[in-house]
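Morning, everyone. Structure up, please.

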Amino acid sequence: MLSSLIAQHHQKIILFVDRIGWEEKQWKAISRALLEDLKAERIQEDFLEITNHFSDIRKSINFDELEGFSGGNTSFVLSPVASVSKQFDLEDFFKLISKFRSCQFVRHVVMFATEKYIQERFIVPFLEHLAEEIVTLEGKNDLKIVSRKPGGSVTKKSYSFTIENHRISTKESAKEELPRIPDIAANIDNLGTFKIALSEQDLLARNRLILPFEKHLLNKNPQEPSENPAGKVIYYPEADDDIDEEDPDEDLEL
């Protein structure tokens with residue numbers, strides 16, 4: 001049951017995001033059944049009374065009315081977000097949600113937002129930011145639940161669901177397993193566009209190659225003594241060289 005999942009998370013602000021287009025009466029029945037399963041002591045429906053569903057009024061919200069419920073734990077079912085966004089000032093509406101979160105006598109708040117009826121595209125994402133439990137109906141039998149815990153962690157799971165007596169029963173969707181890629185031993189010959197390994201002919205040609213510094217060894221008898229066993233530097237002066245040792249820096253303009 002959906003109520004058991006929400007009870008485990010101990011979340012206060014519950015937002016239903018409807019991408020299917022259910023009717024308002026159905027949502028209210030589902031919300032009341034949910035709060036009853038959550039053992040709500042007192043349920044207040046339509047806390048924000050809607051008097052006009054068609055034109056934008058955007059009047060201010062009287063926050064003092066909230067204090068009238070301070071006598072005990074109360075759970076609220078708000079009117080559809082599409083209607084509230086036309087009837088009341090949006091800034092006041094968002095402030096009210098924040099007040100619900102901080103009021104100790106408020107146990108649960110249930111909101112339902114049908115996306116196709118909401119004009120401003122930013123309203124649903126902003127409410128998702130304020131809500132602690134977000135239930136999104138993504139298809140006829142598919143929903144997604146995002147839970148934000150007080151410690152800051154977020155869980156996101158997908159479920160299939162059915163409705164019976166206005167109560168949503170959920171079953172966690174099986175995770176799709178990606179096909180396993182078989183382990184293939186790496187072949188050094190296939191790692192690049194050029195050949196790395198040497199064939200027998202390549203090895204034979206490499207061994208036959210004589211490098212320039214090796215040529216003088218071939219023409220020299222190893223039995224003959226070396227002309228320069230200690231090593232020496234051979235210098236051939238050029239025409240512009242200054243070999244005057246008295247003033248070696250005479251040609252420099254110092």
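How much space lies in the largest cavity? About 70 Å³. By cavity I mean a set of points on a 1 Å grid, over the protein atoms alone, where a 1.4 Å probe fits but cannot get out. Points are joined across faces, edges and corners, and the volume is the space filled by probe spheres set on them.

Ground rules before we go on. This is a predicted model: local features need pLDDT of at least 70, side-chain atom pairs count only at pLDDT 80 or more, and totals for chains, interfaces and linings use all residues. Numbering runs from 1 along each chain as its sequence is written, and side-chain values use heavy atoms, with hydrogens and water left out.

Back to the cavity. Searching the whole structure gives one cavity of 30 Å³ or more. What lines the largest cavity? Met1, Leu2, Ser3, Ile30, Ala33, Leu34, Asp37, His166, Arg167 and Ile168. Lining residues have an atom within 4 Å of a point. α2 (24-37) gives the most, four residues. α1 (2-9) and β8 (167-172) each supply at least two. Helices here are DSSP runs of H or I, at least four residues, and strands are runs of E, at least two, numbered from the N terminus. By class, the cavity lining has six nonpolar, two polar and two charged residues. Nonpolar covers Ala, Val, Leu, Ile, Met, Phe, Trp, Tyr, Cys and Pro; charged is Asp, Glu, Lys and Arg; the others, Gly among them, are polar.

Now the largest pocket. About 260 Å³ of space. A pocket is an open set with protein on both sides within 12 Å along at least five of seven lines. It has 13 lining residues, and closest to its centre are Glu24, Pro80, Ala82, Ser83 and Tyr117. Two elements give two or more residues: α3 (81-87) and β4 (106-114). α3 gives the most, with four.

Last, the packing. The largest nonpolar core has 35 residues. That is a set of buried Ala, Val, Leu, Ile, Met, Phe, Trp, Tyr and Cys residues joined through side-chain atoms within 4.5 Å, buried being under 20% relative accessible area with a 1.4 Å probe, protein chains only. Phe47, Phe93, Ile97, Phe100, Met111 and Leu127 touch the most other members. α4 supplies the largest share, six residues. Take Leu127: leaving out residues up to four places away in sequence, Leu127 touches Leu15, Val81, Phe93, Phe94, Ile97 and Met111, with contact meaning heavy atoms within 4.5 Å.

Conventions:
Buried < 20%, exposed > 50% of the residue type's maximum accessible area, 1.4 Å probe, protein only.
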